[in-house]
Amino acid sequence: MGTTIDSLQLLQQLQATGQSSKKEKDSTATEGADYQSVLAKIEAEEKEWQQTLDNYDRARAVLSMADSFWAGKTEHQDYMLKYMQRQQQQENQQSLNSLMTHLMTLQRANFSAARSGTLDADSAFTINQQINKALQGTFMLTVMNMNRGFSGLSASVDFSKL
């Protein structure tokens, strides 16, 4: 790569940007706005939002039930169904995240056993293939679970194929 004035100017700009971002990082660290506090704030806001949605669904269901008594409608069942589906989706997502974490732990254990020599290469390769299939299946289930929440479709998965 030939050095030209343009490339040198670009490198100087990158260096200046790197130095300014390093100063900004130092100032934010001193202010206490680190990654963990931001993540904790986001998680707290997510919990608050979920609680707001739950309260909204419950209120609509109660109002709909009161209205259905007088009008003979069955809309309240739809509200309760949506609420229950969202709760089930959250539980499914937590289970899938836990499963994916455990599979990744197994994969790390497999790699360390293969590196230490306690497991022969063929067995490690076979186990790694099976763990990768399970990870891919879990990832796809996660995507399907998230899509089901948006589209309202129910997806069935055959776990014996994982």
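Helices (H or I, at least four residues) and strands (E, at least two) are taken as DSSP runs, numbered from the N terminus. The structure is a predicted model, in which local features need pLDDT of at least 70 and side-chain atom pairs count only at pLDDT 80 or more, while totals for chains, interfaces and linings use all residues. Residues are numbered from 1 along each chain as its sequence is written, and side-chain values use heavy atoms, with hydrogens and water left out.

The chain contains four helices and zero strands, giving the pattern α-α-α-α along the sequence. Of its 162 residues, 17% are buried (under 20% relative accessible area; exposed is over 50%, partly exposed in between; 1.4 Å probe, protein chains only).

Patch residues have over 30% relative accessible area and no salt bridge, with nonpolar side chains (Val, Leu, Ile, Met, Phe, Trp, Tyr) joined within 5 Å and like charges within 9 Å. A salt bridge is a side-chain nitrogen of Lys or Arg within 4 Å of a carboxyl oxygen of Asp or Glu. Leu-14, in helix H1 (residues 5-31), is exposed at 53% relative accessibility.

A patch of negative charge comprises Glu-43, Glu-45, Glu-46 and Glu-48. Glu-45 belongs to helix H2 (residues 35-71) and is partly exposed, with a relative accessible area of 44%.

Methods
Accessible areas come from the Shrake-Rupley method with a 1.4 Å probe; for residues, only the protein chains shown count as cover. Lys and Arg count as positive and Asp and Glu as negative; His and the chain ends are not counted. The place of a charge is taken as NZ of Lys, CZ of Arg, CG of Asp or CD of Glu.
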